[in-house]
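Here are my notes on this one, as numbered points. Have the coordinates open while you read.

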Amino acid sequence: MARTKSTPRHIAASPSPTSSASPIPHKSYFLQHAITSSALLAFPVGTVVLSSLLPSDPVRTLGFFLPAVAFVQALNIIFTHPGAEVVSKSRVTKKKKQSEGTVSTTILGLMLSMLLTPFIHLVYVLFGAPVTVSVPATFLLSAHTALLALFPLLCAVPLDGETWMQIAALKAPITPAYVAALGTIAGAWLGAVPIPLDWDREWQTWPVTVVFGAYVGNAVGRLIGAVLSGKEKKL
Amino acid sequence: MPRSPRTAPTSSVPRAGQSQLKYSTRISALVPIWFLTLQLLALVLFALGFLLSRPVLPDIAVKSTTYSDPDVVLPRGFNRVVVILIDALRHDFITSSDNNNGAYYLNALTTPSLLSVAEPEHAAVFKFIADPPTTTLQRLKALTTGSLPTFIDAGSNFNGAEVTEDSWIQQVHSSRGHGRIAFAGDDTWLSLFPSLSQGTYEGMNLTFPYESFNVWDLHTVDAGVTSHLWPLLQRRDDWDILIAHYLGVDHAGHRFGPNTPQMKEKLLEMEAVLKSVVNAIKDDDETLLVVLGDHGMDEKGDHGGDSKGEVEAGLFLYSSRPFLAPADQAETVNQIDLVPTLSFLLDLPVPFNNLGSPIASAMLGTDYDFQKLASASRIVAEQIHQYRSHHPSFEGMAELTEVYGAASEAWNMSKDYESISKLYLAYQEQNLKSCREMWARFDVPSMVAGTVIFVATLGTLLVFYFTFDGEVECPSDHLNFLAPKVGYGGLVGLVTGAGLGFLQSRLLIVSVFGVGMGSIIGFCQGMRRLPRIKSAVSKWTVLALLSIVLHGILFASNSYVVWEARSLSFLLVSFGFIFLAASFRLPDAKTRATAVLHAIMFIIQSRLAEYPRICREEQLPFCTSNFYASTASSVSSLPAILVLFGTAFAFPAIIRSFLRTSASYEGSAPLWIGIGLRAVLVLVALYWTLDYVEANPNAQTYVEVLKIYKYIVSRVLFGVTVIGAPLAWFRGFPLCLRVEMTNNQQKIKQAVQNGDVDTASKTAPVSVEVIGFGNTYGSLYLLLFVSIFAAVALCMKPVGGIAMAVMVYQVMTLLELGDALELFTTSPILTPTVIGLMATQYYFATGHQATLASIQWDVAFLFTESIRPPLTHIALILNTLGPFILAGLAVPLTVFYKLSPSPRDLRASEVIMGRVVRAATGAMIYAGGLILLNCIMTFVLRRHLMVWKIFAPRFMLAGASVIAIDGAIVASTFLASKAIEGVFEVFG
């Protein structure tokens, strides 16, 4: 059920002659993304099942699953050939170069997203995460967010200012990695909503709902991205 | 991106069109006034239905025939009673505690607990439960009349109101022919019972009132009461009731908090008083001693709400005659139970409107005689039955009559007094329960009418906002036509409403509804004649409307109301990130970099604004107050004062940096901001330093001197900020401009020499440039805005003052962002909406909560030692509603910021006024949408468990804030019209 429409996508609304002649075919890899989404969703679902058996500790659970999430994400990146998903104004030659070293790109992306984790932590704090308490929980949440949102994006997109400016401006073209990142953000944002309610449930402890929101948002975004990415469209 | 050049050529000043402009700006300023009126009308209607009141009956009880029934045996009465009311005497202040956590208030006032253990037939301690609101006025009413206070009384703590219901005070006068009451203490008693002021006996004065509201004075009232207490206790034959109302404990709580050395000192003083009183009446078995607290206090020392600490007061009874049935453990009684108990112990009729039950152990007596308890219960039940049959609220309610009938039957049939008294007590309890529900019955039609006007007003606001875009269609073009329609509609509505209301005997409500709806219908009639105009709706406008809904939806759940400050911070930070994303879309690299920095700044400010907080009870234990020096005090901390000094120096520099972006730090600006504002803020910090030193226990010797300096500083500041600066602004019109003249003779000569005839002929001999022209309106209005900020900062506690400075900083950041992202023109509603959100956020940052207890009453004494209108009221209003007032006043800045005048263009000035009105309606859409959602949620949740604790106070805050924002918008529109006229006069 993978879509195999092979239109290259560009920032510019009107495709230039060179880009329409681009030799790199694009695949949306819907199946792979669907598998990855369900593999990643296994984490929150599995936690729910486990928590009914074991006393749950968000920090331990988050830390325990972190490598697994990184592994699933890395597999997905390698199998969906991020080189083919390049979002850039840059020329074809650059893209070719990137697609050559998928594994090394993946490792680089993983390291970069780890490096950016403290930055995400800061963003969570700005949104109201506790500053003095639950620091490990917030940090692990940031690590998960980095793996979900940043890691695929860092591998799929060249590291130039122009591209990342487009991403920051929410103007980048639709790709599974990009929409998954947006979905993660939206999910995490919505995940904060039930925290203040006085229901006294265990799952209301920080950062459980945000983690769940991020994962669900990521899966939804990834699938939407996979469906839409064949089309010449902007969000 | 500045919309206009920094400099512009000057022009000559034609005087034409001045009066025409004045007319059109003034008529435009009518628009916000109309909307304010509509929202006020709606608010009044809703509040009348929601904030309950209780019908009061004037009947006075007399002893019924039951008293002479041979089966009725009542406890032996006392000749006289000494009532010592220690304000805010919490239950745990008078119980002995093994808990050795070192709290200052524990085990200080020990006489009650020691006596009740040593002599259980003579003395007993009770847990004395108050019905909220736990404010002294309501408590005194309940403690004397035995009735339930209603919520609407809570607001009248300042004025007091004479009690016209029956009470034991009244009964002493009417039943004992010689009834005499001696009184010393809180003068609230005299406003409740003016008859007390005639307390003389054989020419001797028995009344010694003291002013009650100066919460910073811990000793004057208490020392005075004590000084009169001894002579009165010696002359025991001169009075039947002696009331002594001590305030020191309450004031120590408000000023310092319960867990402080000052509180311990105060409680030890009370201990000494009680010891001496007990000794004085030890040999007198005809005197009863009643020591009671009217309410408790929360852990900060405040009261008004219904937390455990606030409602659990202490009660202590003592007499040298054994009269109590010893109980195993402390009984819990309602405060109103004191009323029938005291009536029996003084052999008075139970007040006509009493709802309490007699306290069992005092009725049973030392020999556990249930006949006495049953007799007393029978009399009280009879009195309650009588009351219910007279009271209009109980018409057609018969369910409790059966309970009463069954109990009476048991009385007639059997001698099992224990079960009889149980039956009667059950009746009394059910009655109390039904009364509590009864007086929580809302006037639904009135609430619905209010909500309907809110909906109609919001609709009208939206129509107005989307019709008159300010550019093409100025409101002033059509107001000539619309205003009479609105007035005519209102008049017709008033007449129709009054007529219909008279028929339905709901005159007030239907007339108010008629005026509101009539004027709206009149407006709609007028609008139909106007050409249809549709302005495009930008994404930002959708976002603004969405954020109003997001803020309003918080009122749907008590949890979000409790955590509103954090939720708002979350919302504002989200806004910041949207601004950040939008900033990245800007094409120009330099503008983009500036906008990105401002967006990041906005995010940080939004997060910081959440930091200063006073936790409300429901937030515990997930919240730690940091507004004051510690969680259990209401004294500001030294670091806060130091930061306030820092703010005094940094804040003017921040304003300067913003003005410099448009080269507007010219003309009056350096004097006004660099020197004036800075000096004012330093003095504000100085005031709080003096206050801090005064509160220090080691500085007691200098208190008087410090006080004098304190009041000098605060009054000078009041004069400068509230009166001086606005007056100077109106009179002097301080434009932030500098005129720069360049002599071009040299240039022309050079051009001639070079043979460049073209340049030579085009260059004027003298060129004149106006520096700061690009922000003429903005800088001018900003000067007034910061001076009002200074007035608000003066009335805030140190941390509150810092928070206000951050708020103005954030407003400036937002203005820069709005300028860069061109929000002011694409979506004039967005910036006012964000400012409105900020207003509520900073309300919380200034140490407030949506509770009555969080009102910082002590700022009433900022300028004066006693209550002195209007200074007291101005201080309280600016302290409580300051953020909302500043937000409303900031609205014209969203039009004026970086706006340059168009010389010789009358229409351009009219258009600016049109845009000001449009921004004003935008802000009113936020305020109106919020209050509408609040009313809907309050209406839906009016039977919610938390309605009085959470939703009613939030509704009151919403009501007060909508009036404050709208009022400030009306004022700001007027000020903006002055600015526009003034600039037109200068530039033509």
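1. Let me start with a cavity lining. α35(B) supplies the largest share of the lining of the second largest cavity, 6 residues. Helices here are DSSP runs of H or I with at least four residues, strands are E runs of at least two, and both are numbered from the N terminus. A cavity is a set of points, on a 1 Å grid over the protein atoms alone, where a 1.4 Å probe fits but cannot get out; lining residues have an atom within 4 Å of a point.

2. Before going on, the ground rules. This is a predicted model, where local features need pLDDT of at least 70 and side-chain atom pairs count only at pLDDT 80 or more, while totals for chains, interfaces and linings use all residues. Residues are numbered from 1 along each chain as its sequence is written, chains are lettered from A and ligands numbered from 1 in the order in which they are written, and side-chain values use heavy atoms, with hydrogens and water left out.

3. Back to that cavity. The volume of the second largest cavity is about 100 Å³, where a volume is the space filled by probe spheres set on the points, and grid points are joined across faces, edges and corners. Of its 14 lining residues, F884(B), L930(B), A958(B), S961(B) and V962(B) are the closest to the centre. Two or more lining residues come from each of α31 (830–845), α34 (906–940) and α35 of chain B. The count of cavities of 30 Å³ or more comes to 11.

4. Now the packing. The largest nonpolar core has 197 residues, and F579(B), F789(B) and F896(B) touch the most other members. Helix α35 (residues 947–987) of chain B turns up again, giving this core its largest share, 20 residues. Apart from it there is another core of 63 residues, including I241(B) and L400(B). A nonpolar core means buried Ala, Val, Leu, Ile, Met, Phe, Trp, Tyr and Cys residues joined through side-chain atoms within 4.5 Å; buried is under 20% relative accessible area, exposed over 50%, partly exposed in between (1.4 Å probe, protein chains only).

5. F896(B) is worth a click. Leaving out residues up to four places away in sequence, F896(B) touches N775(B), Y777(B), G778(B), Y781(B), I912(B), V916(B), A976(B), A979(B) and I980(B), with contact meaning heavy atoms within 4.5 Å.

6. Next, the sheet in chain B. It is open and mixed, with 8 strands in the order β7-β4-β8-β2-β9-β10-β3-β11. β7 (207–210) and β11 (331–334) are the edge strands, each pairing on one side only; pairing takes at least two DSSP bridges between two strands.

7. How is β10(B) placed? β10 (residues 312–319) pairs antiparallel with β9 (residues 287–292) of chain B over 5 bridges, and β3(B) pairs with β10(B) in the antiparallel sense over 7 bridges. Y318(B) is the bridge partner of L289(B), and A123(B) also stands opposite Y318(B).

8. Lastly, chain A. Its secondary structure comes to 10 helices and 0 strands, and 47% of its 235 residues count as buried.

Note on methods: On a 1 Å grid over the protein atoms alone, a cavity is a set of points where a 1.4 Å probe fits but cannot get out, and a pocket is an open set with protein on both sides within 12 Å along at least five of seven lines; lining residues have an atom within 4 Å of a point.
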